[in-house]
Amino acid sequence: MFPTKLAVAFGTLVLPLSVLAQLDTKIVKTPNGEVPQLKEAPHQTALLIPPPPVHIALKPINFVEYDLANGLHVILHENHAAPVIATYVLYHVGSKNERADRTGFAHFFEHLMFEGSDNIPRGKIDKYVSGAGGNLNASTSFDQTDYFFNLPSNQLKLALWIESERMMHAKVDETGVETQRKVVKEEKRMRYDNQPYGSLFEELAQLVFAGTPYAWVPIGSVQYIDQAKIEEFRDFYKTNYLPNNAVLAIAGDFDLEATKKLVEEYFGPIPKGPEITRPKVDLVEPTAPVKHDVVKENTPLNATMHAWHAVPETHPDAYALELLGNILSTGRSSRLYKRLVEKEQAALNVEAFPFLLEKAGMLGVFATGQQGVTLDQLDTLIDEEVEKVKAEGVSEEEYRKALNQQEAEFAGSFGTMHVRAQNLARYHMFYGDTNLINTELDRYFAVKREDLQRVAQTYLKKDSVYVLRYPAPTAPAAPAAK
């Protein structure tokens with residue numbers, strides 16, 4: 001994945017719905033459907049309400065899903081468009097499943113699971129997959145860890161063998177742990193510590209999600225990875241990398257019944273683990289703005305982030321918030337871009353985004369200032385645009401544009417077998433509805449224009465904003481003339 005008052009625009013005239021409702025109306029048939037139209041009356045101008053938006057009908061993605069006896073949920077999407085298959089294993093474990101004094105474990109295992117297993121020699125997984133003409137990768141977030149292969153369809157057994165080996169007896173030993181400790185440290189230095197604004201999300205999570213398991217990012221803290229003993233890593237593996245804590249999705253060119261037998265053969269013998277204890281997330285809403293400056297020598301230009309608590313990704317308002325984020329910052333015609341970048345020429349770039357997780361969420365606005373533009377100027381401009389959308393709502397044109405963008409994204413996003421497998425697994429795990437892959441676009445189009453103003457007023461409150469700023473170091477003063 002990934003919207004109080006309705007106004008009806010007619011030329012330059014805008015009437016609130018409450019006024020329109022007091023007018024005598026009837027329903028008349030038009031080529032575009034049923035459209036309310038004013039009865040003829042002296043000295044009245046006919047006002048038309050735009051017909052509700054309708055999206056294109058996308059071809060359904062068919063699938064079969066079932067559970068193995070050990071709790072592994074299996075989703076199979078048979079598709080013979082090309083001789084390829086994609087396997088996707090999604091584990092319901094991310095950084096929020098870690099202890100506050102042992103952060104980074106889930107991300108560490110993203111790397112460690114490539115070391116090998118009792119039956120796969122160390123360092124051979126990459127070689128086996130690339131040698132078979134495929135590719136592979138993995139990722140970790142706050143809520144999940146995933147592993148995926150893209151292979152020629154005649155290599156399905158290879159993918160299932162590797163994934164079942166990792167699930168049943170991955171190699172968690174001193175050699176692999178020490179190797180990956182070095183890899184993770186280098187990744188943190190390159191991607192976070194040495195990049196301008198590289199600590200942004202780390203600082204933001206600490207600020208917005210303070211006191212919850214979302215207060216640290218998946219990369220974690222290097223010192224905790226260094227301090228952890230080998231048994232701690234083994235316990236984390238035994239606790240979380242279980243068939244009853246995972247979804248296996250396969251999409252592509254395979255025979256359904258033969259694949260069911262292969263899945264049972266490779267994954268059926270893996271024992272079911274104990275039920276997972278899920279962490280609680282209790283956010284405390286601030287009663288006054290929370291501001292924090294991050295001073296770093298490698299900050300090239302002033303930058304500011306405004307963020308508010310939002311909703312989890314499965315909340316009904318999630319769709320309205322995503323559309324609102326698009327209206328605020330997606331494209332050159334978006335509100336923030338037109339105001340901060342084009343009109344005021346105060347920012348190099350600006351972006352609004354909903355960051356919605358399994359048990360919490362936020363909506364953020366980030367802007368990087370032009371040379372010489374102060375942080376206070378950036379903050380004021382962002383505040384003004386946010387307050388404007390709360391007070392006035394969005395135009396019909398903005399609303400339709402956001403829906404069109406979402407429709408285009410859906411139409412082009414499910415072309416590959418990998419993306420289909422990925423989304424099938426996520427819809428089941430986090431929404432409990434695998435068929436949402438075929439129906440989620442309906443939820444976006446169910447959002448009304450007035451919902452966008454409502455969610456702005458509900459979540460983007462002036463007294464509960466978090467402001468995280470990166471001040472650029474002041475240039476040293478020129479030496480005094482002799």
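Modeller: Two strands count as paired if DSSP finds at least two bridges between them. This model is predicted, and in it Tyr466 of strand E15 is the bridge partner of Ala307.

Biologist: What makes strand E12 and E15 a pair?

Modeller: Strand E12 (residues 303-309) is joined to E15 by five bridges, and the requirement is at least two. These two strands run antiparallel.

Biologist: In which sense does strand E11 pair with E15?

Modeller: Strand E11 (residues 290-293) pairs with E15 in the parallel sense, over four bridges. His292 stands opposite Leu468 in E15.

Biologist: How do you know which faces of E15 are covered?

Modeller: In a regular strand the side chains alternate between the two faces of the sheet. On one side of E15 are Tyr466, Leu468 and Tyr470, on the other Val467 and Arg469, and all are buried. Both faces are therefore covered, buried meaning under 20% relative accessible area. For the strand, residues 466-470, that is five of five residues buried.

Biologist: Why is Lys188 called buried?

Modeller: Lys188 has a relative accessibility of 10%. The cut-off is under 20%, so Lys188 counts as buried. Lys188 lies in helix H5 (residues 174-193). Leaving aside neighbours within four places in sequence, Lys188 is in contact with Asp193, Glu202, Ile219, Gly220 and Val222.

Biologist: What makes helix H14 mostly covered?

Modeller: Twelve of the 15 residues of H14 are buried. Among them are Met417, His418, Arg420, Leu424, Tyr427 and Phe430. H14 (residues 417-431) reaches 21 Å from its first C-alpha to its last, close to the 21 Å expected at 1.5 Å a residue. Just after H14, Gly432 takes a positive phi of about 70 degrees.

Biologist: Why is helix H2 called roughly perpendicular to helix H8?

Modeller: The axes of H2 (residues 105-112) and H8 (residues 230-240) cross at roughly 85 degrees and come within 11 Å. Angles of 65 to 115 degrees count as roughly perpendicular, so H2 is roughly perpendicular to H8. Phe105, Ala106, Phe108 and Phe109 in H2 meet Glu232, Phe233, Phe236 and Tyr237 in H8. By class, this contact has seven nonpolar, no polar and one charged residues.

Biologist: Which strands stand at the edges of the six-stranded sheet, and why?

Modeller: The order of this open sheet is E5-E6-E10-E7-E9-E8, with mixed pairing. E5 and strand E8 (135-140) each have a single partner strand, so one side of each has no neighbour in the sheet. Ignoring direction, neighbouring strands are turned by 10 degrees against each other on average. H2 packs on this sheet, touching E8 and strand E9 (145-152), and its direction makes about 170 degrees with that of E8.

Biologist: What makes E5 and E6 a hairpin?

Modeller: Strand E5 (residues 64-67) and strand E6 (residues 73-78) run antiparallel and are joined by four bridges. There are five residues between E5 and E6. Gly71 in the turn has a positive phi of about 100 degrees. Tyr66 stands opposite Val74, and Glu65 stands opposite Ile75.

Biologist: Which helix lies across E5 and E6?

Modeller: Helix H9 (residues 256-267) lies across E5, E6 and strand E10 (246-252), running at about 150 degrees to E6.

Note on methods: Residues are numbered from 1 along each chain as its sequence is written. This is a predicted model: local features need pLDDT of at least 70, side-chain atom pairs count only at pLDDT 80 or more; totals for chains, interfaces and linings use all residues. Side-chain values use heavy atoms; hydrogens and water are left out. Buried means under 20% relative accessible area, exposed over 50%, partly exposed in between (1.4 Å probe, protein chains only). Axes are lines fitted to C-alpha atoms, for helices over the stretch in contact, and angles run from 0 to 180 degrees between N-to-C directions. Angles under 35 degrees count as roughly parallel, over 145 as roughly antiparallel, 65 to 115 as roughly perpendicular and the rest as oblique. Contact means heavy atoms within 4.5 Å. Ala, Val, Leu, Ile, Met, Phe, Trp, Tyr, Cys and Pro count as nonpolar, Asp, Glu, Lys and Arg as charged, and the others, Gly among them, as polar. The expected span of a helix is 1.5 Å times one less than its number of residues.
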